[in-house]
Amino acid sequence: MSSTSSRARVAPLRTPRRPSGKKLHFLSSPKKSPVLTLVTALFVLYCLLPLIWLVINSTKSQADFVSSFGLAFGDHFALWDNIVAVFSFQGGIFSRWLLNTVIYVVLGAGVSTFLAALGGYALAKHDFVGKRVFLLTVLGSISVPGIALAIPQFLLFAQLGITNTPWAVLIPSFINPFGLFLMWVFSAQAVPDGLLEAARIDGAGEFRIFFTIAFPLLAPATVTVLLFSFVSIWNNYFLPLIMLKDPNWYPLTIGINQWNMLGSTAGNGALIQNLVITSSLLTIIPLVIAFLSLQRYWQSGLALGAIKD
Amino acid sequence: MNLSKRRTAGLAFIAPFSVLFVLVFIIPIAYSAYLSLFQNRLIGGNSFVWFDNYAKLFRDPQFWDGAIRVVSFTAVQVPIMLLSAIALALAIDSLRLYGTRFIRIAVFLPYAIPAIVATLMWGFLLGIRYGLIGSLNNALGTSFNPFTPETTMISIGVMVTWAFTGYNMLIFYAALRAVPRELYEAAAIDGANEWTIVRSIKLPALRGSLVVTIIFSIIGTLQLFNEPKILTSLVSNSGITSYYTPNIYAYNLAFTGSQQGYAAALALVMAVFTIAIAYIVQIKGMKNVFDK
């Protein structure tokens, strides 16, 4: 890879800046179009409507939820009551699910990102036996449907006796082939060979070089991969659904679904839709915060991914 | 000497990933290939049946019902979603929108929402008991129901499009941002108007990302599971069967029917089918690039 092309590839990771051409003003800051904005706003409404609905309905008591119009507030502002009820229902199991989710996310995202950084760096900067086969297998695995894989994983983990333990959810989340791919592309651009050579001449070992020189340079890609893993593990539904039977190990997604089924099974359970809705809101708040505060990294991750071809 | 030491270092770097990769990807696939050659029968227990499960699968009307459903869903939903994503990316990149930043965030936001929460929200919103459609029906005196056997798939399409359009839009948008601005300026000096720039510079620039997004969208829709699975406990008479999609069928075979060999065969066939489609798209997409 030539140095010019690698510089062009790194560009999306920096804060994008448009050249402010003075001659061709209509290109850099054209006239705003109300019509185009309005059409786009319709799509924005489609995107936000369910979330607006969720926020409004988490402020309603169960009685108000059943009786009032979906996008109107109820007679009582019951958000705090609902939150208290979510945390105390079934002996406060919601806090346990929250804790489980945090553990799965922290360990899963942490380990998978670290392994992806190690592997991606090695692919970009080291030569080793079987590199091609390794690369093709890992890249090929990106297109293996996750669910097609989860059933075989379950059958194998059942043999090993680790289903219904946190390991059954954690171990598959340690592997992130797409993360490895991003790290590989990023290492190739962001870690200068000269720097590594200089360190080698100074007698530094390969692991020390990785930890003190390469890893800090990979920081932007690390945040990106962490963020993608965070969302995918936080949102994971199928894997914990098949692996876990004990509610004490459930993550939030499975727990909420269980509450939802509790309310809807044939009328004999008390309806707890207010709890289902409020717990859904509580579940997405950390995601929305992570997402809004780290936007730059989403953008750059997707930019790197799009260069794939 | 130094070189061979570095080769070992490279191997050491990929070793942890490789070991787990073998455990999580390679062994499960090999194990399920092995399992798919067995059948659990009432008489005789677990017995080796060669490729009986595969033969049975291709004659199984329930499998075909689900497979045809997800393939038709893919054929309709993926183009709608990707065309919307391209239109949004072009609109944002045109710099002609008010509140560009807000629009970009709002459209991408659904991607961060878990499928369970998304399905619950849409299930309630579209449902006729508590939802907006119910209120609309009351107000207008109509009886439209988004969750009948005929309409459920459309409602699922609304949910999936909602969740992933923004994700694809950002990929397209990133590709547009990678186009050097000088190119537009040069074209403008040559007298090209905005539509010409879109047609002859921007759309061709999206080709590579289009291949990637098509592949990932197809992989996603062919393994449709979460939305229909969650909907079964949310709305009644929606027409969602135990074999509604191949993945739901495989799940039910493995976990309620204890026909694990058969489920393994199904999962493998779907995986091979998906990978084949992904490769065809890739080869066709890349060929077009070379033709140009």
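User: Where does A:Asn164 lie in chain A?
Analyst: In this predicted model, A:Asn164 lies in the loop of chain A that runs between α8 (146-160) and α9 (166-173).

User: And what is its phi?
Analyst: The phi of A:Asn164 is near 65 degrees, which is a positive value in a residue other than glycine.

User: How many C-beta neighbours does A:Asn164 have, and how does it count?
Analyst: A:Asn164 has 14 C-beta neighbours inside 10 Å, so it counts as partly exposed.

User: Which residue of chain B has a positive phi without being a glycine?
Analyst: One to look at is B:Leu95, whose phi is positive at about 65 degrees although the residue is not a glycine. B:Leu95 is placed in the loop between α3 (61-93) and α4 (100-108) of chain B, and because it has 16 C-beta neighbours inside 10 Å, it counts as partly exposed.

User: Staying in chain B, where is B:Ile133, and is it buried or exposed?
Analyst: B:Ile133 sits in helix α6 (residues 132-140) of chain B, and it is buried, because 20 other C-beta atoms are within 10 Å, where 20 or more is what the buried class requires.

User: What does B:Ile133 touch?
Analyst: Leaving out residues up to four places away in sequence, B:Ile133 touches B:Leu126, B:Gly127, B:Ile128, B:Phe144 and B:Pro146.

User: How far apart are B:Ile133 and B:Ala55?
Analyst: They are 78 residues apart in sequence, and in space their C-alpha atoms are 44 Å apart.

User: Now helix α10 of chain B: what should its span be, and what is it in the model?
Analyst: Helix α10 of chain B covers residues 207-222, and at 1.5 Å a residue its 16 residues should span 22 Å; the end C-alpha atoms are 23 Å apart, which agrees.

User: How many residues of α10(B) are buried?
Analyst: Of the 16 residues in α10(B), 14 are buried, so the helix is largely enclosed by the rest of the structure.

User: Switching topic, how many residues does each chain put into the contact between A and B?
Analyst: Chain B gives 87 residues to the contact and chain A gives 87 residues. On the side of chain B that touches chain A, the largest share comes from helix α1 (residues 2-35) of chain B, with 21 residues, and by class that side of chain B divides into 66 nonpolar, 15 polar and six charged residues.

User: How many helices and strands are in chain A?
Analyst: Chain A has 17 helices and zero strands. Of the 309 residues in chain A, 44% are buried, and if one takes the contacts in chain A between residues at least 6 apart in sequence, 72% of them join residues at least 24 apart.

User: What domains does the assignment give for chain A, and how far apart are their centres?
Analyst: The domain assignment gives domain 1 (32-77) and domain 2 (81-306) of chain A, and the C-alpha centres of these two domains lie 31 Å apart. The contact between them takes eight residues from domain 1 of chain A and nine residues from domain 2 of chain A.

User: Which helices supply the domain 1 side?
Analyst: On the side of domain 1 of chain A that touches domain 2 of chain A, α3 (34-57) and α4 (62-67) of chain A each supply at least two residues, and the largest share, three residues, comes from α3(A). By class, that side of domain 1 of chain A has three nonpolar, four polar and one charged residues.

Notes. Residues numbered from 1 in each chain as written. Chains lettered and ligands numbered in written order. Predicted model: local features only at pLDDT ≥ 70, side-chain atom pairs only at ≥ 80, totals over all residues. Contact = placed C-beta atoms within 7 Å. Helix = DSSP H or I, 4+ residues; strand = E, 2+ residues; numbered from the N terminus. Nonpolar A, V, L, I, M, F, W, Y, C, P; charged D, E, K, R; others polar. Domains from an automatic or database assignment. Expected span 1.5 Å × (residues − 1). Buried ≥ 20, exposed ≤ 12 C-beta atoms within 10 Å, placed from the backbone.
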